[in-house]
Structure formats: C-alpha cells, structure tokens
Amino acid sequence: MRETETWALSVQGLTKSYGGRLAVDDVSFNVAPGEALGIVGESGSGKTSVLRCLAGDLDEDSGRAYMSGLDGGQTNIFSLTPAERRALRVSRLAMVYQDPALGLDLGISAGGNVAERLTAAGWRSFGAIRQRAAHLLERTEVPRERMDDLVSTFSGGMRQRVQLAKALATNPPVLLLDEPTTGLDASVAAGVLDLIRDLLAEFRLAAVVVSHDFSVIELLTRRVMVMHNGRVVETGLTDQLLADPQDAYSQRLVAAARS
Amino acid sequence: MSLNALLEDTGSADNGYGSGIMDEHTKRDIRRALLSAVAVPGYQVPFGSREMPVARGWGSGGLQITLAIVGDADVVKVIDQGDDAGVNATNLRRLIVGSTGAAETTVTAEASIIQTRHRIPEEPLKSDQILVLQVPVPEPLRGVERDMRELRRMHAEDDYARLWVSLYEDKVRNGVITRTTGYPCMIGGRYVMATTPIPRWDCPKLHQAHHLSLFGAGREKRIYAVPPYTDVEPVTFDDVPFEVERSPGRCDRCGAVGWTESFLIEVPNSRTWVCSDTDYCARRRLKDRRVKA
C-alpha cells in the first residue's frame with residue numbers, strides 16, 4: 001500500500017465528527033500523480049469535510065494521510081505541527097475553495113495574492129516574484145492589465161482564476177478543489193473547467209475534486225467516489241459509475257442528476 | 001520566603017515601598033519583563049502597564065521603563081523629536097529627576113539613560129548607555145492583521161508572508177516602499193519588530209549597536225528590546241535596497257549636511273532646514289567656535 005510509485009496522496013481511515021454526529025466515516029483512497037479523483041454526494045455527505053481535514057482547516061478525529069513527496073510517504077501529515085502543516089500547504093498541498101474569500105485576500109491585488117504564496121515559500125526578490133506572478137496569472141487567463149487590481153473588483157470567474165494561479169505558485173504536487181465552479185454561471189464555469197482540466201494535465205497534478213455537479217466530475221476526473229452520510233458507498237471509473245451505478249444511493253443520485 | 005524578607009530584599013530605605021512614583025515591586029515586575037525582552041530580542045513581552053502621571057500615548061511606556069531602571073548614579077536625558085527642550089521632553093525629564101535621585105543632562109555623551117520619542121541621537125551611543133523608546137504601536141503586523149491570536153501565531157511560526165505582501169503591494173502601487181517611520185526590521189534573524197516611531201534614517205543605528213535599546217508601549221502593554229551587538233535588518237526585497245530618508249541642503253544653524261550627516265527637519269514656512277537632534281547641532285556649533293577662536 002505504501003509504494004510511493006503508485007500514489008501521490010494516500011488517505012486511510014479518515015474520520016471526523018461534529019458533536020457526536022459522524023461527518024466523515026472511515027474514508028480511504030489513493031490518488032496517483034496526474035490523476036484526478038472525484039468525490040460526489042449530496043450536501044452534508046461529508047465530501048467537503050474530507051478536503052478540509054486534508055488541507056488542515058479542520059482537525060481530523062482519526063485516520064492517516066501520506067504524501068509521496070513528504071519523507072518518501074513515511075510521515076502521516078496529520079501528525080505534523082501546525083507550523084509544518086502550514087509549510088505543507090505552501091509548498092505541496094494547495095486548495096481551491098468554492099468561496100474565493102477563503103482562499104484569497106480580497107483587499108489586495110491579484111499579483112499580491114500570488115506573491116503571498118511565493119513569499120511564504122521564501123521568495124525574496126521583487127523582480128522574480130513579479131515575473132512569476134505575471135506568468136501564472138497569464139497561464140490562468142487573467143488579463144495582464146488587471147494584475148495590480150484589487151481582487152474585490154474581480155468577477156466570480158476571475159477570482160477562481162486568481163485562486164488557481166495562487167494555488168499553482170509553488171508547483172505543488174497535490175491540488176484539492178472544492179466545488180471550484182459552483183456559483184458561476186454556465187458559460188463562465190465552462191471556461192474555468194477547461195482551464196482546470198488543462199492545468200491538471202500540464203502540471204501532472206494529483207487532484208481531488210469535490211462537487212455535487214456531475215458535469216464537473218465527468219469533465220475533470222477518471223475515477224470517482226460516491227459519499228453518503230460520511231461513508232464511501234461506491235468507487236469506480238467515472239464514466240462507468242455514472243452510466244451504471246451499482247449502489248442504491250448512487251443510483252438515486254445519478255437518476256436525480258440525469259432527470 | 002516571608003513577606004517581610006521580600007520587602008527587605010528590595011534594599012530600599014523606608015517602608016519597603018521606596019519613594020517616588022513607582023514602588024519597588026512594580027520596578028521588579030517591569031525589570032523581569034525587560035529581562036525577558038533582552039533574552040528574546042525583538043519579541044514583544046506583555047507586562048502589567050501601570051497608570052502613570054502622564055496619559056497613555058504621551059510616553060507612559062518609556063517612562064515606566066526609565067523609572068524601573070533608573071538609580072541615584074544615573075544621568076537622564078529626555079528628547080522629543082530629537083529636541084531636549086520640547087514640552088513633553090521637559091516635563092518627563094523633570095518628573096523623572098524630581099522623583100528619583102538621578103541627575104539630568106541634555107548632553108548625549110554624558111547621559112546613562114536616554115528616553116526618546118521619534119529619534120535616536122546622531123552621536124553613536126556607547127556600551128554603558130541605555131536608550132529607552134516610547135512606542136505608540138508595538139505591533140509591526142498591525143497593518144496586515146487585526147486578530148491578536150493570529151498575530152501571535154504569525155510571530156510564533158515566523159510567518160511573515162503577509163508583511164512581505166504589504167511591501168510588495170506598496171512597491172507595485174507607488175514604485176517605491178513608502179513606509180517611513182516605524183519601518184519593520186528583522187531582529188537577530190528571528191522576530192520582526194516595529195522600530196516605531198523612529199525614521200528610517202535611524203534604523204541602521206540599531207544594527208550591531210554598542211548600546212542597549214528598550215522599547216515600551218504603555219497603552220498596548222508591551223515591552224521589547226534590542227540588546228547590544230544584535231543584527232537589525234530592515235525587511236526588504238533582495239533587489240529593492242533599503243534606503244533612508246535624506247533631507248536636501250544643510251542645517252541652517254550648524255551646517256550639517258542633510259544627505260550624509262544629520263536628520264534635518266524643515267522650519268515651518270521658511271524653506272530652511274535645521275538638525276532634528278538639538279544637542280548634536282549645538283555641539284557642532286560649539287566646536288566651530290573653538291576652531292575659529
């Protein structure tokens with residue numbers, strides 16, 4: 001299970017409860033480099049809690065998580081100190097939030113948001129930071145002339161592009177995406193999804209994509225887990241599972257989405 | 001240890017409470033905070049800030065430090081904006097000297113304790129001198145974060161990314177880093193400290209200085225220190241050199257060159273400049289007269 005060749009992120013037995021109610025119940029999965037794993041489920045199924053535990057926004061109750069890039073996959077990231085966890089977030093494990101206000105400082109410029117990640121990683125040259133931020137924002141299709149505008153003046157879709165630029169600033173091997181296009185209108189969402197798909201391939205990212213929207217999962221992932229009441233009820237290849245769900249709950253979920 | 005033994009231990013003559021504004025226990029309390037501050041350069045030590053006969057914001061933090069360390073053998077100088085004759089400086093000096101056995105001076109070289117607001121004297125201080133700074137805002141990250149717990153976490157984890165971002169934003173918006181007084185400096189390679197409220201011009205004087213610098217913020221209840229021979233590095237990008245303010249022209253009184261010798265201030269409505277440090281200016285004029293005589 002620990003051959004680091006086959007996975008970039010390995011989660012085992014992750015459990016989290018809120019005041020006695022189990023939100024995440026013994027969830028385990030592996031994600032390979034260059035692979036995107038989808039997690040689908042209705043609201044309250046625990047899919048976002050999984051990401052937040054991995055990102056360190058929430059403390060898990062039990063479970064282990066390993067990254068192949070960290071001590072050759074020998075160190076449980078949940079055992080790290082808060083400072084080490086933060087360092088991990090800066091260099092190896094980036095997250096894109098549904099709400100840009102969680103991932104960005106809206107009161108500073110787009111370039112400044114990317115610069116924050118870079119300075120946290122130890123970059124100290126203004127010229128190099130500026131160049132890298134410009135490059136990333138160009139890659140995520142934020143117009144060059146808007147680089148120095150406050151993010152609070154940006155549209156929703158543009159904010160997600162800035163989040164992506166910030167997330168990719170330090171070339172992390174693992175990217176967590178929490179409902180990255182929810183709340184955007186269809187045409188903007190399609191553009192952001194195309195960009196995410198290209199970035200996942202280009203940066204060979206191991207990604208975990210959480211969404212309640214099957215079209216997002218279909219477009220971005222090859223493999224998908226269905227979560228219900230905190231448990232994984234079914235795992236499979238995305239096209240197969242969506243075409244022919246086996247579990248009773250999966251069937252209801254897919255039927256509801258298709259209708 | 002009995003209470004009596006504690007009181008005797010303070011070595012004070014009368015009832016054990018000492019005379020003047022501060023009792024001996026208070027002095028000890030503040031000296032303990034000072035020792036912590038010296039032991040961890042740049043770290044803000046919380047302390048029980050007392051009510052002083054001056055209002056918070058008028059140097060009560062610096063006054064408490066001075067009163068806690070001053071002794072009969074000390075010679076005290078107090079400056080406000082480099083000026084010994086400022087109203088605030090004069091009042092504080094009278095208060096300190098009048099309530100303790102210390103002597104007063106305006107001569108930088110003669111002073112053993114120099115309490116100051118806004119300036120460090122131009123004349124380099126020696127290893128037997130202590131500089132006490134009155135601090136309005138001790139938190140260098142106040143501009144980027146308001147949550148006190150988060151601020152403590154940032155200092156504890158050496159997480160100054162958002163300070164760097166504020167410098168980045170400043171440079172992008174204005175082409176230069178515009179922050180003038182209270183410029184953030186990295187102390188001993190570990191803690192970022194507000195060098196408040198001295199101008200940038202004075203920051204290099206703290207680097208590897210011979211003297212001890214003590215910073216007191218009365219309203220914010222924080223004490224911090226730069227011990228002698230400590231690295232004080234202004235926070236700036238590798239490719240954006242730290243620059244001090246340089247005043248144009250010369251001092252109208254002593255002729256000191258603003259670009260290299262002395263921090264000058266403009267005389268209102270006159271287009272002339274004079275030294276901010278009045279003792280330094282007076283000493284230069286005295287020397288000139290001696291040379292001419």
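**Figure 1. The salt bridge between R86(A) and E157(B) in the predicted model.** The side chains of R86(A) and E157(B) meet with a nitrogen-to-oxygen distance of 3.0 Å. Between chain B and chain A, the count of salt bridges is 2. Side chains of opposite charge can pair when their charged atoms come close.

**Figure 2. The contact between chain B and chain A.** Chain A contributes 21 residues to this contact, and chain B contributes 16 residues. Together the two chains bury about 1,600 Å². Carbon and sulfur atoms account for 61% of that area.

Figure 3. By residue class, the lining of the largest pocket holds 15 nonpolar, 15 charged and 3 polar residues.

**Figure 4. Helices and domains that line the largest pocket.** In chain A, helix 2 (82–91), helix 3 (100–103), helix 4 (110–120) and helix 6 (156–167) each supply at least two lining residues. In chain B, helix 5 (148–156) and helix 6 (161–174) likewise each supply at least two. The most is given by helix 2 of chain A, with 5 residues. Domain 1 (4–92 + 173–258) and domain 2 (104–171) of chain A each provide at least three residues of this lining.

**Figure 5. The second largest pocket.** This pocket has a volume of about 290 Å³. Of the 15 residues that line the second largest pocket, Q44(B), E139(B), R152(B), H155(B) and R222(B) lie nearest its centre. Helix 5 of chain B gives the largest share of the lining, 5 residues. The lining of the second largest pocket is made up of 7 nonpolar, 5 charged and 3 polar residues.

**Figure 6. The two domains of chain A and the area buried between them.** Chain A is divided into domain 1, covering 4–92 + 173–258, and domain 2, covering 104–171. The C-alpha centres of these domains lie 25 Å apart. In the contact between them, 18 residues of domain 1 meet 15 residues of domain 2. The two domains bury about 1,400 Å² between them, with 67% given by carbon and sulfur atoms. On the domain 1 side, V90(A), L195(A) and F203(A) lose the most area to domain 2, together 38% of what that side buries.

**Figure 7. The salt bridge between R139(A) and E202(A).** The side chains of R139(A) and E202(A) meet at 2.6 Å, N to O. Between domain 1 and domain 2 of chain A, the count is 1 salt bridge.

Figure 8. Over all chains, a search of the whole structure finds 30 salt bridges.

Methods. Residues are numbered from 1 along each chain as its sequence is written. Chains are lettered from A and ligands numbered from 1 in the order in which they are written. This is a predicted model: local features need pLDDT of at least 70, side-chain atom pairs count only at pLDDT 80 or more; totals for chains, interfaces and linings use all residues. Side-chain values use heavy atoms; hydrogens and water are left out. Helices (H or I, at least four residues) and strands (E, at least two) are DSSP runs, numbered from the N terminus. Ala, Val, Leu, Ile, Met, Phe, Trp, Tyr, Cys and Pro count as nonpolar, Asp, Glu, Lys and Arg as charged, and the others, Gly among them, as polar. Domain bounds come from an automatic or database domain assignment. On a 1 Å grid over the protein atoms alone, a cavity is a set of points where a 1.4 Å probe fits but cannot get out, and a pocket is an open set with protein on both sides within 12 Å along at least five of seven lines; lining residues have an atom within 4 Å of a point. Grid points are joined across faces, edges and corners, and a volume is the space filled by probe spheres set on the points. Contact means heavy atoms within 4.5 Å. Buried area is the accessible area (1.4 Å probe) that two parts lose on being put together, summed over both. A salt bridge is a side-chain nitrogen of Lys or Arg within 4 Å of a carboxyl oxygen of Asp or Glu.
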